[in-house]
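This briefing describes a protein chain together with its ligand. Please keep the sequence and the structure in view while reading the points that follow.

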Amino acid sequence: METDGKTNGSNGAHDPAKLDALVVGAGVAGLYQLYRLREQGLRVRAIDAASSVGGTWYWNRYPGARFDSEAYIYQYLFSEELYKGWSWSEKFPGQPEIERWLNYVADRLDLRKDIQFSTTVRSAHFNEATQRWLVTTDKGDVIDTQFLVTCCGMLSAPHVSFPGQETFKGRLFHTARWPKQPIDFAGKRVGIIGNGATGIQVIQTIAGEVGHLKVFIRTPQYIIPMKNPKFSAADAQAYKSKFEHFKQRLPHTFTGFEYDFEHAWAGLSPEKRREVIEDCWNDGSLKLWIELVPQI
Ligand SMILES: Cc1cc2nc3c(=O)[nH]c(=O)nc-3n(C[C@H](O)[C@H](O)[C@H](O)COP(=O)(O)OP(=O)(O)OC[C@H]3O[C@@H](n4cnc5c(N)ncnc54)[C@H](O)[C@@H]3O)c2cc1C
């Protein structure tokens, strides 16, 4: 498996001192936990196996990787300044822009100084007598901490092996461990295993470039065209002006999206139903999935 070979070095930040809290992971969740715990005056450190921040948006740098959440709702809403200090270039930005944004967050909140990168937590044992955790890493750290906050992600451990894959003579990649350097697919015979959200993004991005593409599909998916308008400065201003609205609404919708189960279908006329469905289709987003679920 070809991966980013630069992620295994140590950054040398091996402080054996006792901590109040250790955060595992420096993705969206870990960055926020580090910030919050530090704000409370705790001695806290975060550790991540990656060589920088971003979690999902650090590892998944495959061709076509992008949000399927609108950028202006996939946000930290605890700080208006942080929210308004970043302007998105489009409604569903790609991985490079999302990774840049999480680096902006880390810099703006000055988080990096308390993160130990390129380090994997290997074990964590709770000592009943001391009521503290003893944590070890692959770099030889032994950390004694009162609180252990795991922000390891629910999609961060790639499923890597197919029996016999080591005998494959060509180059082998996993989307969740994509190398940082670009891969030239021009004229190549390429096989893609899987056609979930990730597979679909890769397929449509490299199809025009490769010599021959074969997709191995176990379960066909239903997909709809995404509409991804570019954002002008005025567009960015418009969504930023809705900061308070998002802050109030998003924690209370079923999925955290702006839209929700909006309609009691039984009470709608056929014309109104058609109008709602057309509106969702034209939005080119997950609104089609969520807003069309009937309200109970
Ligand atoms: C391709 C892809 C696209 C997605 N798109 C969307 C989207 O559009 N909208 C949406 O809402 N969600 C999306 N998701 C879900 C996404 O995972 C979450 O939105 C979010 O990024 C999860 O953040 P997290 O901090 O919880 O975990 P992650 O971002 O997964 O971060 C976990 C971090 O923990 C580290 N880690 C794990 N174990 C250890 C260990 N033992 N030692 C050290 N470090 C460790 C990992 O290296 C990783 O950096 C997507 C997921 C994927 C994979």
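By class, the shell around the ligand consists of 14 nonpolar, eleven polar and two charged residues. Here Ala, Val, Leu, Ile, Met, Phe, Trp, Tyr, Cys and Pro count as nonpolar, Asp, Glu, Lys and Arg as charged, and the others, Gly among them, as polar. The model is predicted: local features need pLDDT of at least 70 and side-chain atom pairs count only at pLDDT 80 or more, while totals for chains, interfaces and linings use all residues. Residues are numbered from 1 along each chain as its sequence is written, and side-chain values use heavy atoms, with hydrogens and water left out.

**The ligand and its surroundings**

- Of the 27 residues around the ligand, D48, T56, D68, S69 and Y74 come nearest; a residue is near a molecule if one of its heavy atoms lies within 4 Å of it.
- A polar side-chain atom of D48 is 2.7 Å from an oxygen atom of the ligand.
- A backbone N or O atom of A29 lies 2.9 Å from an oxygen atom of the ligand, and one of A49 lies 3.1 Å from a nitrogen atom of the ligand.
- On its own, the ligand has 980 Å² of accessible area, of which the protein covers 82% (Shrake-Rupley method, 1.4 Å probe).
- The elements that give two or more residues to this shell are α1 (28-39) and α2 (56-59), and α2 gives the most, with three residues.
- Helices (H or I, at least four residues) and strands (E, at least two) are DSSP runs, numbered from the N terminus.

**Helix α6**

- In helix α6 (residues 233-240), A236, Y239 and K240 are buried, where buried means under 20% relative accessible area, exposed over 50%, and partly exposed in between (1.4 Å probe, protein chains only).
- Why do these residues lie on the same side of α6? They cover an arc of only 100° around the axis, taken from the directions from the helix axis to the C-beta atoms.
- An α-helix has 3.6 residues a turn, so residues three or four places apart point the same way.
- A234 and Q237, on the other side of α6, are exposed.
- The cover over the buried residues of α6 includes α3 (80-84) and α7 (243-249).

**Residue R45**

- R45 is found in strand β2 (residues 44-47) and counts as buried because its relative accessibility is 8%.
- The side chains of R45 and Q116 are joined by a polar contact of 2.7 Å; within protein, such a contact is a pair of N or O atoms within 3.5 Å, one able to donate a hydrogen and the other to accept it, and residues adjacent in sequence count only if both atoms are side-chain atoms.

**The whole chain**

- The chain has nine helices and eight strands.
- Of its 296 residues, 41% count as buried.

Key: Contact = heavy atoms within 4.5 Å.
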